[in-house]
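Hello,

Here is the structure we talked about handing over. My notes on it follow below the view.

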Amino acid sequence: MRKYSLRTKLSLSYVSVVLISVFLISIMTNLLLDKHFKEYVIQNQKRKSEEIVSLVSQQFKEGNEWNIEAIEDICVNALGQGMIIRLVDSSGRVIWDARLHNNSLCEQMLSHIERNMSSRYPNWDGSYVEDEYPITHKLSKVGKIIIGYYGPYYFNDSDLAFINKINRLLVVVGLFSLLLSLLISSIMSKRLSDPISRVISTAQMISKGYFDDRITEQSSTKETAQLIETVNNLAETLENQEALRKRLTADVAHELRTPLATLQGNMEAMIDGIWKPDTERLKSCYEEIMRINRLVGDLEKLARYESENLVLNKTSFDISELVRHIIQNFENDFLNKGINVEFFGEKQTVKADKDKMSQVVINLISNAIKYTPHGGTVEIRVKGLHDATEISVKDTGTGIPPEDLPHIFERFYRADKSRNRMTGGAGIGLTIAKAIVEAHKGKIQVQSKINEGTEFIISLPNQ
Ligand code: ADP
């Protein structure tokens with residue numbers, strides 16, 4: 001299928017709308033003009049005839065005298081307008097006859113009108129007609145006047161000039177509208193097509209892998225502005241995904257390197273006969289394999305939460321109830337480690353993804369248990385604020401060094417590497433917690449003092 005640019009299509013539609021409008025207006029104007037003008041001309045003819053009759057009547061004087069000079073003036077003037085006048089007195093004497101006065105002028109006038117009308121209106125069915133009017137003086141008839149003209153109507157020169165003027169005006173308006181429409185259509189189509197061309201070139205760049213390209217153009221057209229925003233969002237998502245993919249690959253490689261190097265070293269030593277493959281050594285190798293296994297498991301979890309945009313299945317529920325339930329599930333762990341647990345919270349309804357929020361609370365509580373020594377306390381609170389709900393998990397544990405605090409939400413970040421390797425954490429629990437809280441448009445903050453304890457505070461906005 002042949003494709004046309006937006007600019008061509010817009011220009012064509014503008015121009016065709018203008019052409020059709022001008023054409024319709026011209027036809028309507030001419031039709032209306034024809035109808036009303038004809039009526040007007042017929043009325044006018046009647047009025048002029050009556051005027052002439054009245055004027056001529058005034059030229060009659062007592063004793064059958066007529067003011068010939070004035071009558072000649074009136075009749076010559078009427079001849080100029082296409083009327084051929086004959087005045088006869090009551091005895092049948094011709095007082096004035098246009099044909100007698102100047103027959104060739106009369107013929108000229110009539111043929112001029114006929115030529116004009118039949119050339120302009122081929123269907124004109126006019127013919128020469130004569131109307132007779134009586135001339136009265138003091139209520140008695142003193143003569144008659146015969147007015148001959150082309151009936152039922154004809155246009156004299158000034159009528160035709162008027163019609164021509166209107167048609168010329170229509171042509172000028174048409175041409176002007178056409179030029180104006182070309183100008184407006186080229187401005188409008190440029191305004192519409194420029195941002196779209198930019199969207200196309202950006203989308204092409206994105207498809208080539210240049211995810212940092214953005215459309216800076218502004219558009220006052222709603223759809224175009226939405227398109228620009230969508231393409232920019234798409235580019236940003238792709239850019240984030242790409243950065244995430246790169247970081248993830250680097251992180252995974254980094255995390256796998258240590259256990260694999262240990263495993264390789266141990267195996268090589270055993271193959272070379274330096275170490276005997278006894279239970280102790282095999283157990284150490286097994287532990288490294290378990291570590292890799294855990295890492296792969298964690299990676300799977302992380303991929304679920306991070307790679308895709310988090311899809312939330314929001315419901316309304318009492319978050320205090322949920323937290324209380326989780327604490328109950330951890331009861332054994334608290335007992336085993338000899339940690340005292342305290343919970344403060346009243347009914348607080350939130351609209352959130354219940355499963356994902358419980359994952360967040362589980363991560364925070366299990367961290368608190370992991371990093372709090374025997375005899376410590378973990379205090380959990382649910383608080384309803386004016387526009388948010390706060391959930392805090394506070395422990396009297398080891399605390400986090402200030403230099404590590406800004407990084408603990410990063411993937412695979414562990415404050416104390418050696419010790420955390422022992423606790424088995426891969427450093428993604430907080431990453432997942434943060435991703436979930438932020439997907440709920442909430443915030444997660446941390447306050448910690450080394451050897452005093454740590455407090456994590458989640459704030460969920462009330463929607
Ligand atoms: P991990 O699986 O290692 O616990 P997290 O993402 O849950 O990973 O935590 C990242 C790091 O933050 C931990 O390795 C630990 O150093 C620190 N951390 C988290 N919670 C606490 C806490 N309650 N007390 C002390 N340190 C903590």
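**Aromatic pairs and what lies around them**

F60 and W66 are both buried. Please keep in mind throughout that this is a predicted model. The two rings also pair with each other: their centres are 4.9 Å apart and their planes stand at 70°, so the arrangement is edge-to-face. Over the whole structure, the search gives six aromatic pairs.

Another of these pairs is F37 with F162. Here the ring centres lie 5.5 Å apart and the planes are at 25°, which is under the 30 degrees cut-off, so this pair counts as stacked. F162, at 40% relative accessibility, is partly exposed. Both residues belong to a cluster linked by ring pairs, together with Y40 and F155.

Two arginines sit over aromatic rings. R99 is over the face of Y128, 5.7 Å from the ring centre. R281 is placed over the face of W275, with 4.2 Å to the ring centre.

Helix 1 covers residues 6-57 and includes S11. The relative accessibility of S11 is 18%; buried means under 20%, so S11 counts as buried. Leaving aside residues up to four places away in sequence, S11 touches S185 and S189.

Helix 4 is 51 residues in length and spans 72 Å from its first C-alpha to its last, close to the 75 Å expected at 1.5 Å a residue. Just after helix 4 comes G209, which has a positive phi of about 105°.

**The hairpin of strands 12 and 13**

Strand 12 (residues 443-449) pairs with strand 13 (residues 453-461) in the antiparallel sense, over seven bridges. Three residues separate the two strands in this hairpin, and in the turn N451 has a positive phi of about 65°.

In a regular strand, side chains alternate between the two faces of the sheet.

Regards

Notes. Residues numbered from 1 in each chain as written. Predicted model: local features only at pLDDT ≥ 70, side-chain atom pairs only at ≥ 80, totals over all residues. Heavy atoms only, no water. Helix = DSSP H or I, 4+ residues; strand = E, 2+ residues; numbered from the N terminus. Buried < 20%, exposed > 50% of the residue type's maximum accessible area, 1.4 Å probe, protein only. Contact = heavy atoms within 4.5 Å. Phe/Tyr/Trp six-rings, centres within 6.5 Å; stacked < 30°, edge-to-face > 60°. Lys NZ or Arg CZ within 6 Å of the ring centre and 35° of its normal. Expected span 1.5 Å × (residues − 1). Pairing = 2+ DSSP bridges.
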